[in-house]
Each structure stands twice: as structure tokens, then as C-alpha cells.
Amino acid sequence: MNDLDVRAAVDLSARVAAEARKSVVGMERDVEMCLVAVLAGGHVLLEGPPGVAKTLLVRTLATALGGSYGRIQFTPDLMPADVTGTSIFRPGEGAFRFQPGPIFANVLLCDEINRAPAKTQAALLEAMQECAVTIDGLRHALPSPFCVFATMNPIEHEGTYPLPEAQLDRFLFKLRVGYPAAETEVQMLAAAHRRALDASPEDLGVRTASSPEEILSLRSRVLAIDVRDDLPAYVVSLVRATRGEGSLVLGASPRAGVMLLVAAKARAALGERTFVTPDDIKAVFLPALRHRVVLDPAEEIEGATTDDVLTRILDRVEVPR
């Protein structure tokens, strides 16, 4: 891995960030973490209250990254075939032909993902793990790269379903999108009142700044990022600490450690480094693990959060020098 390889990742980050600023305000950290996930080959779950631009952020990233875009509005009556597609009989041909669903896209937005029942959630599992769907016994490959961005509202419970652990584990990151700072909100209002309420990212000047081919090329370069011999042991110490933590009833799996290290490599590339540092691992630790551990209900009643527990673990585990 050389400096020119990582420079390409930095250039991509600068281009996408410039396009994102045309549409969303004060979300630089979220844009960075989404790019880390894309370059690591992962999926992102965005959790936050209504009206904080979760959907607009995903639409903006989809436009800037290029490739095809699909959107699914998850509802309680959504069926698996509405996601993956189905075989339709063609009278003129006298045979069934597969009609692809909206999942066949480079960037897929699953809006309000927790509004669909488990049966429909299961339709995403194969796609998110293997980049393919199986219909009527036939396997259909999805476009490459394939990235799922899902949004969910944490405060609205009526008509929602908890996401299965297997579904949550498919997401590389869970990002918490909160309310902006006061000064950021002032900037947002100053710009937004001049726009049409239904303005799309393209209407706001967002243009394509990358391509699926570039993303795939950069993913291969991310895999070549160097990892010091002592860093896998550091990741294992962090992951195992979650399993022995009394405040958690479920710790992180070995797969969580693998995904944590790959995400750290992507962050290193975006930081124009050809090697991973402990700071890279610490920076992605919370978004990579907060949805893979389960907080003890007693701790939750006391007001603790998974982020509080994970932060304590991060402070407690010795960092390699």
C-alpha cells in the first residue's frame, strides 16, 4: 500500500463532502462515518428523531456516490416480494419472468425500517450478507457495490417492530443523528427557507462525484491497509470486555471484531494513512458496537446507555503503544 492509493480515498472524501454541504448542514461527522462504511463494504443504520435530515443525507450520498438508487418505505403491510421482486407470468412468452424489486440498486434506502414485520426484515438478510437474493430457488446477484442505508425513529413505538439481532448484526455502523447545535440550526434555516420544501439533492446542486467502479477500486485498496501485529489483540480485548461486562446481557460477537478492524482500516485510508492506529479503532468503536450489545434492563432503568458502557470499556482496556 502506498501514499497514492490512500490519496485517492482522501480525494473521494473531499469530493463527496463538498457535494453533501450543498444539501445538508452540520453533518460532516455523519458523512465521514457513512463514507467509512461504504469503503469498508458495510451497511449503515441511522437512528434519530423525525426531521433531522436522515433521509436527505442518504439521498445526497446516493447522488454523490453515483450508481443506481433504490428506496423502500417500510410499512407494517410490506411483503418480502415488495423488497426483492417476484416472478410474473408473461402471456406473450408463455412463461414466468423475474421482475426485480427496488433492492436491486447500488445504494438502497430502507426508510423507517423498524415499521416492517420480521418476515419482511428477513428478506434483507441474504442481500446484506451475500449481495444476492434467492427467488423461487434461483439466486440473483445484486449490483456491486451494494450498500444499505436504513433509517429508524427511536421514540415512536406504535406500529413498529424491534429489529432482530441477526438483522442488526448485518449493519456495520449504527449512527445516532441528533438535533443540531443552535448555530448550526440557524445556518440551516437561513438556507432552507429559500428552498422548495420538496427540493431534491439534485435541485440543490448536488452532482455525482464518484462511480461504482471507483468505490470498488478503493475497497480493494482499503483491504491492503497495514495492521500492526498488536492491534488484532487490542480489538479482541475490547470485544471480549463487552462479554464480561456486568452491565450488558449480550456482548459483541467475533464478527463484530472483524468488522471493527475493517472499519478502522477504511478510516485510516480517509485519514491519508497506509496503516491503522489505535485511534482509528477507538473512533469507530461506538458506531460499530452500540447495536451489537444489549444493555441490562436494570441499567437502562437507572438511565445508563450502551454508549456509556462502551465508553467505560474503551477507557479501561489498555491501548497498545
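Predicted model: local features only at pLDDT ≥ 70, side-chain atom pairs only at ≥ 80, totals over all residues.
In this structure, helix H9 passes helix H10 in a right-handed crossing.

**Helices H9 and H10**

- Helix H9 covers residues 231-243 and helix H10 covers residues 254-270, and the two pack at an angle of about 140 degrees with their axes 9 Å apart. H9 is therefore oblique to H10, since the angle is about 140 degrees and only angles over 145 count as roughly antiparallel.
- The residues that meet are Val235, Val239 and Arg243 on the H9 side, and Pro254, Gly257, Leu260 and Leu261 on the H10 side. Sorted by class, this contact of H9 with H10 holds 5 nonpolar residues, 1 polar residue and 1 charged residue.
- Serine 237 also lies in H9, and because its relative accessibility is 36%, this serine counts as partly exposed. Its C-alpha atom is separated by 30 Å from that of aspartate 5, a residue 232 positions away from serine 237 along the chain.

**Helices H2 and H3**

- Helix H2, made of residues 28-40, packs with helix H3, made of residues 54-65, at an angle of about 55 degrees, and their axes are 11 Å apart. This pair, too, is therefore described as oblique, and H2 passes H3 in a right-handed crossing.
- On the H2 side the contact is made by Asp30, Val31, Cys34, Leu35 and Val38, while H3 contributes Leu57, Leu61 and Leu65. The residues of this contact of H2 with H3 divide into 7 that are nonpolar and 1 that is charged, with no polar residue.

**Helices H11 and H13**

- Helix H11 (residues 278-289) and helix H13 (residues 306-316) cross at roughly 145 degrees, and their axes come within 10 Å. The crossing of H11 and H13 is right-handed.
- From H11, the residues that make the contact are Lys282, Phe285, Leu286 and Leu289, and from H13 they are Asp307, Leu310, Thr311, Ile313 and Leu314. By class, the contact of H11 with H13 has 6 nonpolar, 1 polar and 2 charged residues.

- Glutamine 73 has aspartate 111 of E5 as its bridge partner.
- Strand E1 (residues 44-47) is joined by 4 bridges to strand E8 (residues 147-152), with which it runs parallel, and by 4 bridges to E9, again in parallel. Towards E8, the bridge partner of leucine 46 is threonine 151, whereas leucine 45 stands opposite lysine 174 in E9.
- In a regular strand the side chains alternate between the two faces of the sheet. Both faces of E1 are covered, with Val44 and Leu46 on one side and Leu45 and Glu47 on the other, and all of these residues are buried.

- Most residues other than glycine have a negative phi, and most peptide bonds are trans. The residues in the next points depart from this.
- Serine 144 and proline 145 are joined by a cis peptide bond, for which omega is about 0 degrees. Proline 145 has its place in the loop between strand E7 (138-141) and E8.
- Alanine 53 has a positive phi of about 75 degrees although it is not a glycine, and this alanine is found in the loop between E1 and H3. With a relative accessible area of 26%, alanine 53 is partly exposed.
- Glutamate 272 likewise has a positive phi, near 60 degrees, in a residue other than glycine, and its place is in the loop between H10 and H11. Because its relative accessibility is 37%, glutamate 272 counts as partly exposed.

Terms used: Residues numbered from 1 in each chain as written. Heavy atoms only, no water. Axes fitted to C-alpha atoms, helices over the stretch in contact; angles between N-to-C directions. Parallel < 35°, antiparallel > 145°, perpendicular 65-115°, else oblique. Left-handed = near helix turned anticlockwise from the far one by under 90°. Contact = heavy atoms within 4.5 Å. Nonpolar A, V, L, I, M, F, W, Y, C, P; charged D, E, K, R; others polar. Pairing = 2+ DSSP bridges. Buried < 20%, exposed > 50% of the residue type's maximum accessible area, 1.4 Å probe, protein only.
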